[in-house]
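Trainee: I would like to go through this model with you. Where do we start?

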Amino acid sequence: CLTQLCSPPAERTGKVLDEFCRCYKEQYGVALFNSVRYEIEGNGGPQAQLLHRKIPLEDHVIYSGNLFQYIEENKKWRNRFCVVPHNYGLVLYENKLAYERELSPRVLINSAGYKVLTSVDQYLELVNSSLPGVTPKSGQSPILKCPTDFPLILWHPYARHYYFCVMTGKEQQKWRAVFQDCVRHWISEDSKVEAPAFTDAIRMYRQAKEQFGTWDMLCGNETQVLSNLVMEELLPELRSTIGPRLKGKAQERQRTWIQISDAVYRMVYEQTKAQYDAVMAKCEQERPQMESTIRTDMDQIITSKEHLASKIRALVLPKAEICVRNHVQPYISSILEALMTPTSQGFAEVREVFFKEVTDMNMNIVNEGGLEKLAEYMEKLSHLAFHPVKMQSCYEKMDQLKLEGLQQRFDVSSTSVFKQRAQIHMRQQMDDAVYTFETLLHQELGKLQGKDDLCKSIQRILERVLKKYDYDSSTVRKKFFREALLQITIPFLLKKLAPTCKGELAKFQELIFEDFASFILVENTYEEVVLQSVMKDIMQAVKEAAVQRKHNLYRDSMVLHNSDPNLHLLGEGIAIDWSEEYSGQHEAEPDADRRRRAKQVVSVIQDDEGVLPYEVGAEGLLPPGSLEPKEPDPRAAPCSPDQVQGIREALMEERLTNADVPSGASVQHAPSPKPRANVPAEARVPCVTPASCTPAAEALSPPARTSCFQPSDKETGEEVAPSGTKCSPPQSMGTTESGEGVQTEF
């Protein structure tokens, strides 16, 4: 089937890419003009109080541990040692020894666009819906059987699926948090030209096909997103053409269909990458001349654009305002409330987790010797934002986001777009708070006289950082709410206005000078006019929400001036390496020893390789309870919850007496951290964990070898290197594993 269909997918891919590339070249000029204009005119937005770390996870591994992977080719489950480097790829080794010996990994997975499932039933439901009319009959074996009750499945609508399982529910929860962190990737927004040009081109292309609203597959690198765009159009045709020709039992047809879809996706990816790279190179080649024109004729371009906008506004604005008044305005407050509640709870949880971690560290320093232990604890604290397990309680708050009937009214396909964006903001704010804290503490260390001074300084700096966090998180949330409201309402308005307005836009093209046609587009100007029609109502709604104190938002009139004028200069310095400066190791370490030090954000989940409770296909199961985790060692030193509670109370008293507020500013404090309600006792961590209580797994963390096999952002699916070789960049994309566990070409 694939041999016969190679030409049609290639032809359809070429057509989609030709149309998209035309949109991209148009949007590239507009994005370049906006970037240069912003550079010249600047923006008077509020200044961030927290510092921003430039390279958060350099030379660190986020996670590693053992889990079982299902090998489709031989229908067996194999143990794998999984490493998650700083770029959030999933790297699977034969075992831990292969990782430590720097052998090549079995599989590398770029997980952008995948969904993390923890139930076989969830997976089977998605598989059954992917090929309509093909459902296993009652009594037939499903497409997948899991040997434990704790599966972890990576599902993708087009690419191959990955099947894992672990032995306990605790492991499953941790790995789920890790996988979701890996999936939580979007197009990079570091670039001020390419990224907006790309996203606007995607939006314009889909709107030309009358596809308005959010799109779940706008994730991953540009080539992946474009491949998703092609597959969105190509897959229905493939399904109708190939589906009836598949033979065998239902589960065999489903398995074959998944393999065909994956193979087509890989072909589309390769073709897309080549064509998109060529367009990018051409745009980059033309950029210097375009930028020179923009800088020379900036005033004329702005005047020409304003003239065009005034003409379009006269035609569109009256119709848009009626549409806003009748179909959007009555629902803005409901949408905003649905967004604000879980988002504000998530940011409050970020504050609580940060407060608790610093308080626990302070208590441990009191008990364990002061400055000598500081480096160890600060090394862990510095990567708190990238600890998927500790951050999970913050991310989970966004699971409450539901737009109910509003979702259908405004054509919002899924709320995952807003959930993931809010979660990314939470992680960034946590890292900004941690980085600001460690920068201020590092500045104070030279002035301290002893343990007591150190603890007092930590408390004082914590309070300063929390005030800065409250202000910055308010700014970030208000911006997020405005953007989310626009993302929901603008596509709806464009769809409503299209029948009466879209056809009349062509006549405005003659108002644009030919020299400026690369920087001014009628379609973009039309959308800006529509945006203006609803922006006033959105700004007013967010402003009124800030007046309500329940979400802990600052009013727009509240500007917290920088009380630390030299703080941002400190943030420009060299990154602090706590383990190097304060660990007490004055002699230079060999590179091999340095790699073997535990530079890992999270400890190993399951260090031993382990075995499954039964062989795949066997009927016998282990007795109930045999998979439960072992009881904790009763000889471990006990922890004292009262100590943390005491220091929390002391901090609360100091907050009331030592308000670090600039003159003339009225700062609204967030509510004091309180024990979270409705949380099981075993889920709360009120006690300090001194070194004697640290699990053995902490000491067994593998070396952080980030120089080996870090999946490139340009990967898709899996990549494999030949078995038994040393680390080198992966070359091949399509690979499978034979029954003997040897990698072969797909």
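Mentor: Start with a term: two strands pair if DSSP finds at least two bridges between them. Helices (H or I, at least four residues) and strands (E, at least two) are DSSP runs, numbered from the N terminus. This is a predicted model, where local features need pLDDT of at least 70, side-chain atom pairs count only at pLDDT 80 or more, and totals for chains, interfaces and linings use all residues. Residues are numbered from 1 along each chain as its sequence is written, and side-chain values use heavy atoms, with hydrogens and water left out.

Trainee: Which residue in the turn between E2 and E3 has a positive phi?

Mentor: E2 and E3 pair in the antiparallel sense, over three bridges. Cys-82 stands opposite Leu-92 in E3. The two strands form a hairpin with four residues between them, and the positive phi, about 70°, belongs to Tyr-88.

Trainee: How many bridges join E1 to E2?

Mentor: E1 covers residues 61-71 and runs antiparallel to E2. Tyr-70 stands opposite Trp-77 in E2. In this hairpin, Lys-75 takes a positive phi near 55°. The number of bridges joining E1 to E2 is 10.

Trainee: How many residues of E2 are buried?

Mentor: Buried means under 20% relative accessible area, exposed over 50%, partly exposed in between (1.4 Å probe, protein chains only). E2 spans residues 76-85 and is mostly covered. Of its 10 residues, the buried ones number eight.

Trainee: Which residues of H10 make the contact with H9?

Mentor: Contact means heavy atoms within 4.5 Å. H9 contributes Glu-357, Val-358, Met-361, Asn-364, Ile-365 and Glu-368. From H10 come Lys-373, Leu-374, Tyr-377, Met-378 and Leu-381.

Trainee: Is Met-361 buried or exposed?

Mentor: Met-361 lies in helix H9. Not counting residues up to four places away in sequence, Met-361 touches Tyr-377, Met-378, Leu-381, Phe-437 and Ile-458. Its relative accessibility is 4%, so Met-361 counts as buried.
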